[in-house]
Amino acid sequence: MKKTIAAVVAALLLLPVLFGGCKPGDDTDTGTEPSATAEPGTVTEGTDTEPGTDTETEEIIVDEEPVFYEKTERDPVDPDTVTVENTDWSDTIVNANAQADGVQGKFTDAKRKAFLITNRTSSLLYDLSSDGGKLVAGVYNADGKPYFTGGSDVIVKASDGTEFSSAYSMSNGRMNSHRLGYYYYDFRFCDQLFMNPDAMKVSEENENYYDIIAHSGKWDGNDVTKLAKKDGIVSFTVKNANDPYVHCETNFSTQDYDSIQITIKTESSTSGVFYIAAGSYGWFNGDQHISFKFSSGDWNTVVVPISSIPDYTGTVKGFRFDCGETGETIQIKDVRAIKRGDASVPFALERIFHTYSDKMHEVVRVVLTDDYTAGGKLETITKIPVDTVRKFVLKNADGEVSSLDGFDFSTAEYVAFDVKGAGIYGIIMPVRDNNGYISVQEKDGYYVITRGIDLPDSLKKGADVLFGHRIYTTSSHQFNDIRKEAYVERNPLTDVFVVKRVDNARFSGYDPLVGCYKFRVNSSDFNKAYYREPDKHYTVNALFCGDGVADRTVYVQTVEGGGQLECAALLDENNALLPIPLEVGKNFMGEKEEPLYDPKDTSYGEVYVPITIKANENKRFTVLNLYQNWGNYPLKQLSFIAFHICYYHMSVGVTETNCIAPYFVYGKDGWTLPDFRANSAPLWSGQPQHTSAGRLYFLQYKDAEGNSYKSESQTADISSAGPVYADITMDYLSDDGKIKATYRHTETAQTDENRTYYNISLEVLDDVAIADFKNDFSFFTFDGRGITYSKVGYLDEDGSNVTEKAVKGTRIIKLGKEYPYYDYFGGNNTDSVNFALIVMKSDITINGEKYDGNFIFKDTYNGTLNIGSLSLDLDDVTLKKGDRFELEIILMPWGYGTSKDDHNVTDVRNDSCYDPYKLTVIEGEAVADDFIPSVKAVNNTATFKISGGKNTAAVRVYGFTSYSKPTVTFKADGEAKDIRLEGKNGYDGYQVYLDGDGTYSFSFNVDMDKASEYEITVKQ
């Protein structure tokens, strides 16, 4: 039975605000006043404390009667006879839509010193760069109140007791997420090494050492001037900050020395990199280096352990130092190789937080960078101040207690702490072989949680060691919440089946480290899907049966091994499409983006979706893995793809169109669209793909004081990931905090061109002065990357279409007012792709007044590289708080290197600006949308006419009371036509959504090339 969901609006509106309340880093009250009535650590099983007081709200906390969940014996389930008719999908639909877009991650500052993970229940702050503080700096509830801020470090404790900490790594942490989307991100913090803090301290003793400067001959450099060695000091001035370094030959044994002690003085730089050449390497290389930090402005001495560098064997043949900003002078002296011993161990950290909208799992993993024979332990150490804890509970095989005395941690199931002002923080131990141990002790005013695993006595280079658990948080102060979730986590459902088996679908079990139920299924590939089986959908028919004990939400993952999955859809037991978003992604094999952590780089395609299963409920559903077609049109999708950075991937069918890198491509470079592919270019000979064009950058500006700014991603909201159209809105904040930028990226299943629709909204949050606006402020910039374009096109000030040869130098071209555009074409490679930008609409307010001037095209060409920016015809301007810039633009890769003119661009300008899609409502109400023609049904019926535009238009019809498939009828140019949305499968061709008012909407495609006008009726 397909039910109308009456309480959806309330359910959605009651969700926690992601960044509401006090936020990590604010001056927050941590709620550390001790309770007057509760003494932590004194309550035993079967008793409770007196009511406590929440120090944030002053509310009295009354502990609920404990409720424990126990596994019960049940008769085996026969999947062939189990009853699944008339399944109630309302809980799943509401929950899935409420959890969609519930995970967010952002760098907390312009220099990317820390990273904040947020979901619906909590947030976690990871310090990437502080000296001695590269660790989990704090975990907070949904309102930003801290469970702890004392840090959670990862250590290696050798068998002799020596400790090595990743918090003291000479290398900063690096964030990457291979998976991102509606419900799930795998935030990975990588590259930290393990150092012994005591061994890094500077020593004044007269120890045996190798004086590198004294033993060196001539020093050479790159991008530096005034390089000199005099009186034991090497000095130089940085000519270009692109790649400045100095180096010399050395000759010392790796057996005699394991660290470098250096005394350095810089004017502004605070970090550098040592490169060495040792072992099998003849000279400097990309493997043998280590970064380190220091203070600027005066002489300071640091010790840098180097024995963890790969292949640190034999003789060190060369020493190189990379450091410097343009124009600064750097001096180094007393550079010595020294023997410290036990300075480091050959482990590289990968700390993974598998973050869902409503829960988080942590995996601590190390990869060996060299052989290791010292044994010991790998552990996390988390400290919670005793005086912030109202009460704690510990549970093992013997039961639950609230005392550390005599507790047997060998069978521990969970530990949980009620933190004043925040709620419950706990760790749930999953049922998994060789998953280590947990313990809690009270020490120096802290509850110290140690979570770890024993290390083998001998480990080879490339091996790994890991353990994992679930981090539990809630803003409530009731332990019954974690009691239930611990049961759910430790007792995954066992009556899970594949029914009506096709495509070799099979159930693989519950993955306690990742936190999802896994199915495997066969796969297609690009060529097979495009040419041979465009309508084939690979199918997992799943059956979940509750265990009779607890309601739960399960995350279902389907996995294919081909690595070329594009999209997915979900059907109920009656093969009706469900209004539930699905998260989809993949990894191509062989690119080896993470050679240390993932050297095999195995391909995969994955789907994630949350399904609510009640204790006594049986639920059957179908996950469709989609590749090329959805109904009679190629699908359009947004998914994730694993890379060395976070990456959204978009395609029409299996043919890639765009990709979005929300945190940019190579660090803070601003490059946002790394793949930008033209549908009007030829397909590759080997597979149905097109070549990519250029580098694309959004907001960049320089203020009147000469400071340059980019921005940082804040949030992403996916409103449609396909299969009908793709739609994502992303918020950014400028590095000075003065401009909020919002970008809506929309794509439909168009096949003639890749019209990439963008709504750009800039809001000025604080005054910012721009001395030369047309030169120093860019809404958008394109450069040709490795292609040189010989021709430029644009709309001139008089409204004429101009094409001309590229001109060396920089020029400001005032564009015409009516749908201005500019483009580059005529690349020096026949496989190159051209670029165009078209402004469809703008609404700009500066200093409280509407801007009525022109856009300008800033065109730069140096003979090899073309750079084009969009700005305004303004000079000295101070933007005021409240000023707004609203732009609707088309970004378009088009054609290829043999294009003789830019008619592709002027054609799209005509069909998208002068003659865009037009919607006339006959029955129903018009709904405003910049890019998707939309209407609202009245009494479950909508009739409208659509005309204009070109190729494929996606339309959306709102206001229906059921998600059951509506009847859609067409008239084409006044004549009734039997136009079918679905393909041979029967269930496809449309997309259904749950909307915020509790009603449903449907989207589907219309081919505007086959009629000048359609009259369409959608009825339920």
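The legends below describe several close-up views of a predicted model.

**View 1. Strand β61 and its two partner strands, β58 and β62.** Strand β61, which spans residues 821-827, is mostly covered, with 7 of its 7 residues buried. Strand β58 (residues 789-795) pairs with β61 in the antiparallel sense over 5 bridges, and within this pairing Tyr-789 stands opposite Gly-827 of β61. Strand β62 (residues 834-846) also runs antiparallel to β61, to which it is joined by 4 bridges, and here Tyr-822 has Leu-837 of β62 as its bridge partner.

View 2. Helix α7 runs over residues 903-914, and its buried residues are Asn-904, Val-905, Thr-906, Val-908, Arg-909, Asp-911, Ser-912 and Cys-913.

**View 3. An open antiparallel sheet of 5 strands.** The strands follow one another in the order β68-β71-β77-β73-β74, and their pairing is antiparallel. The edges are formed by β68 (918-923) and β74 (975-977), each of which pairs on one side only. On average, and with direction ignored, neighbouring strands of this sheet are turned by 25° against each other. In the loop between β73 (967-972) and β74 lies Asp-973, a residue with a positive phi of about 50° although it is not a glycine. Asp-973 has a relative accessible area of 44% and is therefore classed as partly exposed.

**View 4. An open sheet of 9 strands with mixed pairing.** The order of the strands is β34-β35-β37-β40-β39-β44-β45-β46-β47. Because β34 (506-511) and β47 (675-676) stand at the edges with a single partner strand each, one side of each is left without a neighbour in the sheet. The partner of β34 is strand β35 (residues 516-520), which runs antiparallel to β34 and is joined to it by 5 bridges; Arg-506 stands opposite Arg-520 of β35. Helix α2 (residues 90-99) packs on this sheet, where it touches β37 (552-560) and β40 (604-613), and the direction of α2 makes about 125° with that of β40.

**View 5. The surroundings of Ser-269.** Ser-269 is placed in the loop between β17 (259-265) and β18 (271-277), and it counts as buried because its relative accessibility is 7%, where the cut-off for buried is under 20%. Apart from neighbours within four places in sequence, Ser-269 is in contact with Phe-294, Ser-296, Cys-323, Gly-324, Glu-325 and Glu-328. With Glu-328, the side chain of Ser-269 makes a side-chain to side-chain polar contact of 2.3 Å.

**View 6. Backbone details at Pro-723 and Asn-847.** The peptide bond from Gly-722 to Pro-723 is cis, with omega near 15°, and Pro-723 lies in the loop between β51 (711-721) and β52 (725-734). Asn-847, placed in the loop between β62 and β63 (849-850), has a positive phi of about 55° although it is not a glycine. With a relative accessible area of 42%, Asn-847 is partly exposed.

Methods:
Residues numbered from 1 in each chain as written. Predicted model: local features only at pLDDT ≥ 70, side-chain atom pairs only at ≥ 80, totals over all residues. Heavy atoms only, no water. Buried < 20%, exposed > 50% of the residue type's maximum accessible area, 1.4 Å probe, protein only. Pairing = 2+ DSSP bridges. Axes fitted to C-alpha atoms, helices over the stretch in contact; angles between N-to-C directions. Contact = heavy atoms within 4.5 Å. Polar contact = N/O pair within 3.5 Å; in protein donor to acceptor, adjacent residues only side chain to side chain.
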